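Student: Can we go through this structure together? I would like to know what to look at.

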Amino acid sequence: MDNCSHTQNHANCIENVPIFSGLNDKEMLEIAHITTAQTFKKGEMLYLAGDMSGKLYVLHTGKVKVARFNPNGKEQVIRLIGPGEFMGELSLFSSVPLTDNAEALETSTLCIIEGSKLMERMGKYPTIAFKVMDVLSKRLEKAENLIEEISLTSVEQRIAGALLSSADASGNIVLGMKKGDFASQLGMSQETLSRKLAAFQEEGLIELSGPRKMKIVDIAGLSSKRDTAMNDVSS
């Protein structure tokens, strides 16, 4: 692994992270000195549930999936991580093992920060701690909203809402993840998702053009699916 303070490329890893955006050059250099860079190939695991990490993983380039497995082996996608975002933060504040698995969805470069040394910097620069808390509170709010959505909305409502929020101005959708991961994020099986998408196509709401590509052809109709309470709440 290369020290991130040795190259401008790795320095940018720190500069592009929102939680460090309020630091000056000297303070940025302090963070860079406790950071190392590592590149993972597509499909490689950054860490596994049960690992004792004590590190903060900041994504510089690429895409990472954070997920958990239930006792039956079913995967639940927690979130997708993009450049500038971080993961593994819970191990910084407790001595318990990591509970998530992190997998590189494409070749990804991460800056890995030693947790104990970062905690020292947090004491020195409270702004970092406040920004970490802000991000964690937003993640908690998002998780709570997802729990509420899964509990109170139907499968069709969830899918319709996700498609509408994922479409561009022309109604085109290109999923940035596997269909199974997309289904997992919505709290359903891939089979249920595929069945409902096929039904939406039969109703003339969308056009499927590939495993991850589709187009909304009836925005009003799909919006109605999202906004109208349905009786089918199974997944």
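This is a predicted model: local features need pLDDT of at least 70, side-chain atom pairs count only at pLDDT 80 or more; totals for chains, interfaces and linings use all residues.

Student: How many helices and strands does the chain have?

Tutor: The chain has eight helices and 12 strands. Helices (H or I, at least four residues) and strands (E, at least two) are DSSP runs, numbered from the N terminus. Along the principal axes, the C-alpha atoms fill a box of roughly 60 × 35 × 30 Å.

Student: And what share of the residues is buried?

Tutor: Buried residues are 41% of the 235 in the chain. Buried means under 20% relative accessible area, exposed over 50%, and partly exposed in between, with a 1.4 Å probe and protein chains only.

Student: OK, the open sheet of four strands. What is the strand order?

Tutor: The order is S3-S8-S5-S6, and the pairing is antiparallel. Two strands pair if DSSP finds at least two bridges between them.

Student: Which strands stand at the edges?

Tutor: Strand S3 (45-47) and strand S6 (75-81) do; each has a single partner strand, so one side of each has no neighbour in the sheet. From one strand to the next, the twist averages 30 degrees.

Student: How many bridges join the pairs?

Tutor: S3 and strand S8 (residues 101-104) are joined by two bridges, S5 and S8 by four, and strand S5 (residues 64-69) and S6 by six.

Student: What does Val 66 stand opposite?

Tutor: In S8, Val 66 stands opposite Ala 102, and in S6 its bridge partner is Arg 79. Ala 102 is also the bridge partner of Tyr 47.

Student: New topic. Thr 109: buried or exposed?

Tutor: Thr 109 is buried, with a relative accessible area of 13%. Thr 109 is in strand S9 (residues 108-114).

Student: What does its side chain make a polar contact with?

Tutor: The partner is the side chain of Thr 39, at 3.0 Å. A polar contact is a pair of N or O atoms within 3.5 Å; within protein, one must be able to donate a hydrogen and the other to accept it, and residues adjacent in sequence count only if both atoms are side-chain atoms.

Student: Now the largest nonpolar core. Which residues touch the most other members?

Tutor: Ile 159, Leu 163, Phe 182, Phe 200, Ile 206 and Leu 222 do, out of 21 residues. A nonpolar core is a set of buried Ala, Val, Leu, Ile, Met, Phe, Trp, Tyr and Cys residues joined through side-chain atoms within 4.5 Å.

Student: Which elements give two or more residues to this core?

Tutor: Helix H5 (155-166), helix H6 (179-185), helix H7 (190-202) and strand S12 (213-216). H5 gives the most, with six residues. Apart from this core lies another of 20 residues, among them Ile 14 and Phe 20.

Student: At what angle do H5 and H7 cross?

Tutor: Their axes cross at roughly 75 degrees and come within 11 Å. Axes are lines fitted to C-alpha atoms, for helices over the stretch in contact (heavy atoms within 4.5 Å), and angles run from 0 to 180 degrees between N-to-C directions.

Conventions
Residues are numbered from 1 along each chain as its sequence is written. Side-chain values use heavy atoms; hydrogens and water are left out.
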